[in-house]
Amino acid sequence: MTACRVCNEHIAAPTYEVPAPSLTSIMTLLDVPTRVFVCGACGHAQSDDVPDVQAFYDTGYRISLSSENHDQIFSVAADGAITYRTDHQAALALQLLDLPEGASILDYGAAKADTLRKMTVARSDLRPHVFDVSSDYAPAWQGWVPEQAQAVYSAPATWRGTFDAVMSHFVIEHVEDPVGFMRAVRELLRPDGTFLFSIPDVAGNPGDMAVVDHLNHFSDASIAHALASAGLQLQVIDKTSFPGAFFVVAKRVGEPAKTAVSSKSASDAATEARDICAFWERASATLEGGVERYSKRKVAIYGAGFYGSWIYCRIGQAVDVVAFLDRNENMKGAMHFGIPVLPPEELPEDAEALFIGLNPLKARAAIAAQPWLQRAGLDHVWL
Ligand SMILES: [Zn+2]
């Protein structure tokens with residue numbers, strides 16, 4: 001039994017439960033089981049706390065730190081032009097926040113604060129501030145965020161009630177107490193100040209449900225409930241500008257209000273979350289069958305992205321994974337979990353089975369199109 005992180009309702013049992021190891025959002029393994037609980041009252045889905053969460057984010061979670069210019073690709077246009085994730089976030093944030101001239105803005109859980117930096121390039125009148133729970137990122141703030149506008153571990157009391165806007169990009173899915181987080185943001189905003197946050201949309205990207213350090217999997221209903229409980233008024237939930245994510249705008253209002261979320265939207269959200277859990281439950285059962293058949297034998301995994309990594313975390317101990325196959329040119333020659341990533345044409349001769357780690361909606365067509373994967377004696381194992 002557990003309590004809902006958003007509405008505090010008791011949730012009797014997990015809807016999804018698989019044993020350790022589990023997969024993190026930065027594609028590492030943790031020696032803990034993955035459990036997802038779905039709240040029927042507010043439509044929120046949540047996972048267990050990550051053990052020693054403070055140490056995990058302070059020193060273990062260095063996303064995008066290794067290279068100055070490393071950024072995830074958001075989209076590639078027909079003419080080959082690449083849009084990076086933080087460029088897209090910056091443009092979207094400026095549009096959704098509609099900030100007044102000279103606005104003070106805080107990136108709360110900023111990491112390197114690339115999004116805020118790009119916003120200040122477009123709008124030199126903005127007064128940027130940054131806060132993070134790790135000191136790792138401080139070097140990335142030097143030169144464009146004034147010293148007194150930087151904070152690590154806790155936000156200074158003098159910041160209270162001062163910001164025109166606070167934003168948090170892909171942070172709240174990680175926190176144990178999302179309503180407490182939103183209350184802390186409210187304290188930092190001036191009256192009528194605006195809060196913008198982005199979080200994964202698990203219905204748009206079902207893989208999110210199996211990420212162990214994403215403690216929160218929000219729905220429209222649970223977003224509305226959490227904001228109202230924190231004294232913030234929901235303005236917009238944009239779920240189309242960034243596929244697989246919600247971009248949410250809320251305002252600081254007078255007193256924390258009673259939530260007006262309909263029980264129908266909450267129960268629809270709960271049903272959707274349970275359906276996604278059922279998919280992962282079936283996928284786990286399929287892999288258990290595969291493990292029994294290929295125990296200690298040589299296999300390969302197609303796909304070194306999220307689905308392939310998740311397969312590895314389920315079967316990696318029991319079978320001998322000789323290679324990941326991936327068509328991504330950037331991964332050529334890379335090692336993933338200490339295993340080589342090869343182009344699909346180089347599938348090792350001795351692999352007896354190929355576990356398919358692709359989005360199940362697209363997997364069969366993608367594999368059928370590659371003759372070198374149709375070798376006699378090679379079994380395909382599908383999620
Ligand atoms: Zn709830």
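Student: Which side chain meets aspartate 268 in a salt bridge?
Tutor: The side chain of lysine 264 does, with an N to O distance of 2.6 Å. A salt bridge here is a side-chain nitrogen of Lys or Arg within 4 Å of a carboxyl oxygen of Asp or Glu. This is a predicted model, in which local features need pLDDT of at least 70 and side-chain atom pairs count only at pLDDT 80 or more, while totals for chains, interfaces and linings use all residues. Residues are numbered from 1 along each chain as its sequence is written, and side-chain values use heavy atoms, with hydrogens and water left out.

Student: Where do aspartate 268 and lysine 264 lie?
Tutor: Both are in helix α7, 4 residues apart, which is about one turn of the helix. Helices (H or I, at least four residues) and strands (E, at least two) are DSSP runs, numbered from the N terminus.

Student: Is lysine 264 buried or exposed?
Tutor: Lysine 264 counts as exposed because its relative accessibility is 55%, whereas aspartate 268, at 40%, counts as partly exposed. The cut-offs are under 20% relative accessible area for buried and over 50% for exposed, with partly exposed in between (1.4 Å probe, protein chains only).

Student: How many salt bridges does the rule count?
Tutor: The count comes to 11 salt bridges. One of them joins the side chains of arginine 297 and glutamate 352 at 2.5 Å, N to O. Arginine 297 lies in the loop between α7 and β18 and glutamate 352 in the loop between β21 and β22, so this pair ties together parts that are 55 residues apart in sequence. Arginine 297 is partly exposed at 35%, and glutamate 352 is partly exposed at 28%.

Student: What about aspartate 125?
Tutor: Aspartate 125 forms a salt bridge with arginine 123 through their side chains, at 2.8 Å, N to O. Aspartate 125 counts as buried at 18% relative accessibility, and arginine 123 counts as partly exposed at 21%.

Student: Changing topic: which residues have the most contacts inside the largest nonpolar core?
Tutor: They are Met209, Trp280, Trp310, Ile315 and Phe355, in a core of 38 residues. A nonpolar core is a set of buried Ala, Val, Leu, Ile, Met, Phe, Trp, Tyr and Cys residues joined through side-chain atoms within 4.5 Å. Elements giving two or more residues to this core include β3 (16-18), α7 (263-294), α8 (306-315) and β22 (353-356). Helix α7 supplies the largest share, 10 residues. The core also draws at least three residues from each of domain 1 (1-257) and domain 2 (295-381); these bounds come from an automatic or database domain assignment.

Student: What does tryptophan 310 touch?
Tutor: Leaving out residues up to four places away in sequence, its contacts are Tyr16, Leu23, Ala210, Trp280, Ala283, Ser284, Leu287 and Leu383. Contact means heavy atoms within 4.5 Å.

Student: And how many residues of α8 are buried?
Tutor: Helix α8 has 10 of its 10 residues buried, so it is largely enclosed by the rest of the structure. Among them are Phe306, Trp310, Cys313 and Arg314.

Student: How many residues of domain 1 are in contact with domain 2?
Tutor: There are 13 residues of domain 1 in contact with 10 residues of domain 2. The two domains bury about 960 Å² between them, 72% of it on carbon and sulfur atoms. Buried area is the accessible area (1.4 Å probe) that two parts lose on being put together, summed over both. Leu23, Met27 and Leu29 supply 50% of the area that domain 1 buries against domain 2, more than any other three residues.

Student: Lastly, how many disulfides are found?
Tutor: A search of the whole structure finds 0 disulfides, a disulfide being a pair of cysteine sulfur atoms within 2.5 Å. Cysteine 39 is buried, with a relative accessible area of 1%, and cysteine 42 also counts as buried at 1%.
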